[in-house]
Amino acid sequence: MFTDVVGYSSITEKDERTALRILEEHRQLLSSIFPRYEGAVVKTIGDAFLVEFASAVQAVSCALEAQSKMMRFNDGRGQDERVTIRVAIHVGDVVHSAGDILGDAVNVAARVEAFAEPGGICVTQQVVDQVRGKVDCRLVSIGTRELKNIKNPIELYKVVLSQTSRSEKDALDTRRVAVLPLANMSPDPNDLYFADGMTEELISTISKIGELKVISRTSTARYRDSALSLGQIAQELGAGSILEGSVRKAGNRVRITAQLIQADRDQHVWSQSYDRDLVDVFAIQGDIAERVAEALKVHLLSEEKRIIEKKATASPEAYTLYLKGRHFWNERTEAGLKKAIKYFEEAVRADPNFALAYTGLSDSYLIMSDYGWMDPSDARSLAKRPVTKALEIDDSLAEAHASNGLRLGQSWDLGGAEKEYKRAIELRPNYPAAYHWYAINQGFLGKYEESRELLAKASALDPYSRVLGMSTGATLFYLKRFDDAIKQLDKVIESNPDLPAAHFWKSLAYGELGRFEEAIAEQTKAVEMDDYSSNMKLSLAAMYADAGDKELAERSLNESRSEKKGFVSPAVIGLVKFRIGEKEEAFRHFAEAIAVRDTNLLYLRGSPGFEDCESDPRWKEIEAKIVMLTSKQSAG
């Protein structure tokens, strides 16, 4: 953070003695605020402060209080005795050297300060990605700016204070778009899957426009049949533009209406009705995306236009089957995923060149594996052919690159996975799943801070995703911020009390704090909610062992291995064996985990509480094999 006094020279010229006294009062005021947000003053430069914070949230919260206190500081003072400051904040890596901090991040923050209004706060896109929805303020884009001696242009935002006028406070970024669930006007109420699928496909199409920020389906779906006004929905999502409409399907005919509304003015910007054959549905989606871009004064790049106008399939039957598959895929249940696989298989039979359907098939197998409902080796094998086919058909399909990244990551080819995630994000900058899976990949590499930043970007696009909220809590656990992890997971559980993984991660955080009674209670909930799956029982066994109850640990271990409900992780068996003192057996299971590429071993490696395993001399050989396998170049 940089703070700077506006018009410092003119203040001192008028009455130097009074000016020095006032400026010293200003310094004392700010110096008393920084420590409350764990801000460390690196140095003062005349009237300016350079301050380092542990997180962007703390920095912005501190800046808001500082400007609020400065307003009160100036209340009742004459014009010559007022001090106004500008604040600039950026996030990035720094190097500590001889009591100073150096690096591009410092240079960027210094350059951004000039764009802050007097009495205002200016932040970069990187800050916005981490604080949106977490700090009580509005973040309004002021556009992309070129900064002196900084290579790439950066999008800047002003932080609107609560003390500003209502019209400015409520200002929302019109280029942040929420597509609300399309109303199902079809005669058959069972065609709801089609309306939901069309909504998701419309979000996907619009999100390929790089200058727009499009909120994910999982965050907008909650507003189906909502009694809230469009203005209230816009405020909750932080979206300046709302796209709503309806769809009516009758046989192979489809009627779609769409209207774009500027939320803060409740003003219709554009509307259109389409009455076409189902085969023309992609042309409708592409036209809506182009009209939205035009209405919001966004320039479409030629490559974006080409991708948007591409026709995914000429078969209405294949497209209908694909939408049914995505509908069940989104349920994230074992039964739902099995139905999704069936529909995706039927879709590619109806059109063997339908790349999206092949991608959906690959995604289904990989998620089955990730949730422990399928042997990982089988899932990876089954996922490879369809995703490879999808990329052969359309190498510009972001979803296929993200799916291939997930497959490579589950195969322990973390370098190859990273390349695929980067390509997916390049093709579709608004794809939260790509950021999410990329974050997990970077966590496997021990890059937990980078993982947290990627999750912040995903959450900005999908603020109400329970999976992203849970993953954020897990990342805080890896960063050893156990109390913060518990608070984050409590938020997720409050809205989603039936999510087993949230209770699992909360259990681990309690365990690291030595609160074993609470840890065991949370892990027991996770076991019950996950239908007593073997892996959740293994995790309960590990927690019993951590708490010193070897008898219950062995009982849970034996039950999970004999019942075999879902995939039984050799990595977690190894953890339990190590905890109960059977260390030779433990390392035999760790070696087995490597042989089958059990990603649970990657989750354990580097995690809090696993240090005793990693300090054992036998771990050196395990670690060498992990490094060799995860750092190899992708073989495709």
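1. A residue counts as buried when its relative accessible area is under 20%. Tyr 343 has a relative accessible area of 17%, so Tyr 343 is buried. This residue is found in helix α13. Leaving aside neighbours within four places in sequence, Tyr 343 is in contact with Leu 321, Lys 324, Gly 325 and Phe 328. Leu 102 is another matter: Tyr 343 and Leu 102 are 241 residues apart in sequence, and their C-alpha atoms are 55 Å apart in space.

2. Before going further, note that this is a predicted model. The chain has a mean pLDDT of 88, and 95% of its residues reach 70 or more. Over residues 162-170, however, the pLDDT is below 50. That stretch has 9 contacts in the model beyond near neighbours in sequence. Where pLDDT is low, the predicted coordinates should not be read in detail.

3. Helix α13 covers residues 334-350 and helix α14 covers residues 355-370. Their axes are 9 Å apart and form an angle of about 155°. Angles over 145 degrees count as roughly antiparallel, and α13 and α14 are therefore roughly antiparallel to each other. Their crossing is left-handed.

4. Which residues of α13 and α14 meet? From α13 come Glu 334, Leu 337, Lys 338, Ala 340, Ile 341, Phe 344, Glu 345, Ala 347 and Val 348. From α14 come Ala 357, Tyr 358, Gly 360, Leu 361, Ser 364, Tyr 365, Ile 367 and Met 368. Sorted by class, this contact of α13 with α14 has 12 nonpolar, 2 polar and 3 charged residues.

5. The crossing of α7 and α10 is right-handed. On the α7 side the contact is made by Met 198, Glu 201, Leu 202, Thr 205 and Ile 206. On the α10 side it is made by Val 281, Gln 285, Gly 286, Ile 288, Ala 289 and Val 292. The residues of the contact of α7 with α10 divide into 7 nonpolar, 3 polar and 1 charged.

6. Ala 402, Ser 403, Leu 406 and Gly 409 of α16 make the contact with Ala 434, Trp 437 and Asn 441 of α18. How many charged residues does the contact of α16 with α18 have? There are no charged residues in it; by class the contact has 4 nonpolar and 3 polar residues.

7. Two further buried residues can be looked up in the structure. Leu 64 sits in helix α3, which runs over residues 56-74. Leu 64 is buried because its relative accessible area is 15%. The C-alpha atoms of Leu 64 and Val 135 are separated by 9.5 Å, while the two residues are 71 residues apart along the chain.

8. Gln 262 lies in a strand, namely β14, residues 253-262. Is Gln 262 buried or exposed? With a relative accessibility of 17%, Gln 262 counts as buried. Not counting residues up to four places away in sequence, Gln 262 touches Thr 174, Gly 240, Gln 267 and Val 269.

9. Lys 297 has a phi near 60°, a positive value in a residue other than glycine. Lys 297 lies in the loop between α10 and α11, the latter being residues 302-309. Its relative accessible area is 69%, so Lys 297 is exposed.

10. The other lysine is Lys 480, whose phi is positive, about 65°, although Lys 480 is not a glycine. Where does Lys 480 lie? Lys 480 is in the loop between α20 (466-478) and α21 (482-495). The cut-off for exposed is over 50%; Lys 480 has a relative accessible area of 52% and is therefore exposed.

Definitions and conventions
Residues are numbered from 1 along each chain as its sequence is written. This is a predicted model: local features need pLDDT of at least 70, side-chain atom pairs count only at pLDDT 80 or more; totals for chains, interfaces and linings use all residues. Side-chain values use heavy atoms; hydrogens and water are left out. A crossing is left-handed if the near helix is turned anticlockwise from the far one by less than a right angle, and right-handed if clockwise. Helices (H or I, at least four residues) and strands (E, at least two) are DSSP runs, numbered from the N terminus. Contact means heavy atoms within 4.5 Å. Ala, Val, Leu, Ile, Met, Phe, Trp, Tyr, Cys and Pro count as nonpolar, Asp, Glu, Lys and Arg as charged, and the others, Gly among them, as polar. Axes are lines fitted to C-alpha atoms, for helices over the stretch in contact, and angles run from 0 to 180 degrees between N-to-C directions. Angles under 35 degrees count as roughly parallel, over 145 as roughly antiparallel, 65 to 115 as roughly perpendicular and the rest as oblique. Buried means under 20% relative accessible area, exposed over 50%, partly exposed in between (1.4 Å probe, protein chains only). pLDDT is the predictor's confidence in each residue, from 0 to 100.
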